[in-house]
Amino acid sequence: MKVFKNFTDYSSQKPLALSLGMFDGVHLGHKSIIDELAKIGTENNLETAILTFWPHPRFVFNPNEDLKLLNTLEEKKQLVEKYGIDNLFLKEFDEEFRNLTGEEFVREILVDQLNVKYLIIGYDHSFGKNKSGNFELLQKLSKELDFEVEQMEAINIHENNISSTKVRNALLAGNVKEANEMLGYLYSVSGTVVHGKKIGRTIGYPTANIDTESIKLLPKKGAYIVEVFVKGNQYKGMLSIGTNPTVNGEKLTVEVYILNFDDDIYDEKITVSFRDFLHDEIKFEGLDKLIERLDEDKRLTQIYDFKE
């Protein structure tokens, strides 16, 4: 897959089948669009492309908003490539771009610069200054500018439309299984293992502290059953997101206890994939009570069916 930050860097002999949007999470709704793009590209001898924005436009419109994303930039690239897209455009949402009307965007960017011949948009997508671009505008312009346009229907799970917002809300409620169902894959968090207070090792539960990207959404505070990927191997793990209130902690940390593992992995890249929620963050009366709960969490993690 080729990645472009500037439209002027792109050139191809083939016209494009393209979709545009944030694609945060690259969830099953997004995947339905990507699958349709691939089908159209194959049938019509077109290259496929996703046009998305980085950073998220909401950072431009609402700079004080504490928005967290489902994907880091690297994760988004990996998912889009995994699903077979030929080209990924990562457009900075700058002042010049945000002032383009929907029609100017279609004429000047999609048609003149990118040679788009087939455009697919989501069921609720709008674009351009003041959201002036929509499916009706695309239908009108398609006849004049010689491209085809298709609007995808929403993808539903349990009679609810899938959206990035709903995935975020599920994670913030600790409903990781629901979030995974909408994503079509296990929600994961990656980072570098850093030094912590090392309290866990004094009670028989040494943990790896993960330094995650600040832009990445963390599920609600609490304990989770996770899969851990480190040094090319996979392990069962129990992960805590919180401030360690039992020992009067204040800083939010992400710590994982890896079962049947005792290697030194400081400064190693580690990925944890969320399987299930164990319980909310708890302030125990003492370390003995904390150890009792950790023993039970470990038992539940050991018997958890990671194949389901």
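This report walks through salt bridges in a predicted model.

## Ground rules

The model is predicted, so local features need pLDDT of at least 70 and side-chain atom pairs count only at pLDDT 80 or more, while totals for chains, interfaces and linings use all residues. Residues are numbered from 1 along each chain as its sequence is written, and side-chain values use heavy atoms, with hydrogens and water left out.

## The count

A salt bridge here is a side-chain nitrogen of Lys or Arg within 4 Å of a carboxyl oxygen of Asp or Glu. By that rule there are 15 salt bridges.

## A buried pair

Asp24 pairs up with Arg168, with the closest N and O atoms 2.8 Å apart. Asp24 sits in the loop between strand 2 (16–20) and helix 1 (28–44), and Arg168 in helix 7 (residues 164–172), so to speak distant parts of the chain, 144 residues apart. (Helices are DSSP runs of H or I, at least four residues, and strands are runs of E, at least two, numbered from the N terminus.)

Both Asp24 and Arg168 are buried; that means under 20% relative accessible area, with exposed over 50% and partly exposed in between (1.4 Å probe, protein chains only).

## Helix 6 to helix 5

Glu144 and Arg107 form a salt bridge at 2.9 Å, N to O. Glu144 is in helix 6 (residues 135–145) and Arg107 in helix 5 (residues 102–111), so the bridge ties together parts 37 residues apart in sequence. Glu144 is exposed at 52% relative accessibility, and Arg107 is partly exposed at 26%.

## Helix 8 to strand 14

Lys177 and Asp276 meet at 3.7 Å, N to O. Lys177 belongs to helix 8 (residues 176–183) and Asp276 to strand 14 (residues 269–279). Lys177 is partly exposed at 42%, whereas Asp276 is buried at 19%.
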